[in-house]
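Me: Could you go through this model with me? I'd like to start with the overall make-up and then move on to the side-chain contacts.

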Amino acid sequence: MDGGFEARNGDNILVIDSLYSNLSLKSKGSVTTGTTGAYYYVDLTLACVDPVVAFKCTSDFAYLLSQTDNGNGTWTFRFGSYSPGQTISYWLFDVPPTGGSTYGMQVFNATGSLVFDALYPYLNPTQIYQDTSGALIGSNVTLTGDAGKTYAVVQNYMALLQYVGWEDPSGAVGPSTTYNVSMDGSVAKFTSANTLVLSTLQIYYAITGSVSYSGGGGTACYLMVDVTGL
């Protein structure tokens with residue numbers, strides 16, 4: 001930037017800038033995925049502006065299937081789990097609200113919007129994993145944080161692999177109007193407070209018959225974030 005306020009840490013990394021909003025913790029909680037259907041999910045709708053959601057599941061592999069801007073000041077997040085009825089904790093980070101503090105340092109941009117408030121806890125990424133070569137297919141990747149701290153994961157991109165098959169009503173495999181889909185996706189599980197395991201599992205029901213098409217893919221990208229004390 002050419003002017004304005006900047007704050008950098010000991011590694012000279014920019015952490016506060018009056019041109020950009022620092023995302024602060026807005027809400028947190030937990031949800032439980034469903035127990036029936038082709039896949040196990042739960043929808044969570046929250047009031048937010050420009051959200052980043054971190055999540056954590058310790059009992060099973062979980063994922064964020066979608067996040068949708070509803071156009072009315074709310075977003076809907078669809079979480080899923082490999083097994084039914086799993087509890088997923090979440091932390092929602094958003095632009096900081098104006099007018100909440102009566103003391104401490106505040107930074108505003110040129111339009112008067114609050115971009116930093118010293119009283120709010122902020123999103124704190126510690127590690128990033130990006131899979132561009134399919135390393136998650138058929139294997140696990142482990143990220144380990146500092147001992148004594150608690151972490152969650154932000155799913156930037158979810159890698160997907162889709163299979164479409166069919167089964168003729170007579171029993172012979174061939175074209176028909178009924179298609180059965182199986183989908184594999186990248187998933188995340190915390191095996192301890194500071195250990196994140198990433199993998200790829202079938203998150204949608206299996207096909208019947210032969211595979212006629214496989215597609216999808218994309219880059220799996222995850223941020224491990226420190227939520228100690230949040």
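Reply: What follows goes from the overall make-up to individual side-chain pairs.

Me: Before that, what kind of model is it, and what pLDDT do local features need?

Reply: It is a predicted model, in which local features need a pLDDT of at least 70 and side-chain atom pairs count only at pLDDT 80 or more, while totals for chains, interfaces and linings use all residues. Residues are numbered from 1 along each chain as its sequence is written, and side-chain values use heavy atoms, with hydrogens and water left out.

Me: ok, how many helices and strands does the chain have?

Reply: The chain has zero helices and 18 strands, where helices (H or I, at least four residues) and strands (E, at least two) are DSSP runs numbered from the N terminus.

Me: And what share of the residues is buried?

Reply: Of the 230 residues in the chain, 40% are buried, with buried meaning under 20% relative accessible area, exposed over 50%, and partly exposed in between (1.4 Å probe, protein chains only). As for contacts (heavy atoms within 4.5 Å), 69% of those in the chain with a separation of 6 or more are between residues 24 or more positions apart.

Me: Switching to charges: how many salt bridges does the search find?

Reply: The search of the whole structure finds four salt bridges, each being a side-chain nitrogen of Lys or Arg within 4 Å of a carboxyl oxygen of Asp or Glu. One of them joins the side chains of Asp94 and Lys26, at 3.6 Å from N to O. Asp94 lies in strand β8 (residues 87-94) and Lys26 in strand β3 (residues 24-32), so this pair ties together parts that are 68 residues apart in sequence.

Me: Asp94, buried or exposed?

Reply: Asp94 counts as buried, at 0% relative accessibility, whereas Lys26 is partly exposed, with a relative accessible area of 45%.

Me: What does Arg78 pair with?

Reply: The side chain of Arg78 meets that of Asp43 in a salt bridge, at 2.7 Å from N to O. The two come from distant parts of the chain, with Arg78 in strand β7 (residues 74-81) and Asp43 in strand β4 (residues 40-47), 35 residues apart. Asp43 is partly exposed, its relative accessible area being 38%. Arg78 also lies over the face of Tyr41, at 3.9 Å from the ring centre; a charge sits over a ring if NZ of Lys or CZ of Arg is within 6 Å of the ring centre and within 35 degrees of the ring normal.

Me: Where is the charged end of Lys56?

Reply: The charged end of Lys56 sits over the ring of Phe190, 4.7 Å from its centre.

Me: Back to salt bridges, which residues are linked in a network?

Reply: Asp146, Lys149 and Asp226 are linked in a network of salt bridges. Within it, the side chains of Asp226 and Lys149 meet at 3.8 Å, N to O. Asp226 lies in strand β18 (residues 220-226) and Lys149 in the loop between β12 (141-144) and β13 (151-157), so the pair ties together parts that are 77 residues apart in sequence. Asp226 is buried, with a relative accessible area of 11%, while Lys149 counts as partly exposed at 33%.

Me: New topic: how many aromatic pairs are there?

Reply: The structure holds two aromatic pairs, where rings of Phe, Tyr and Trp (its six-membered ring) pair if their centres lie within 6.5 Å, and planes under 30 degrees apart count as stacked, over 60 as edge-to-face and the rest as tilted. Phe55 and Phe79 form one that is edge-to-face, 5.8 Å centre to centre with 65 degrees between the planes. Phe55 is in strand β5 (residues 52-56) and Phe79 in strand β7, 24 residues apart, and both Phe55 and Phe79 are buried.

Me: Which residue is the bridge partner of Phe55 in β8?

Reply: The bridge partner of Phe55 in β8 is Tyr90. β5 and β8 pair in the antiparallel sense over five bridges, given that two strands pair if DSSP finds at least two bridges between them. β5 is mostly covered, with four of its five residues buried.

Me: Last one, how many disulfides are found?

Reply: The search of the whole structure finds zero disulfides, a disulfide being a pair of cysteine sulfur atoms within 2.5 Å. Cys48 counts as buried at 4% relative accessibility, and Cys221 is likewise buried at 4%.
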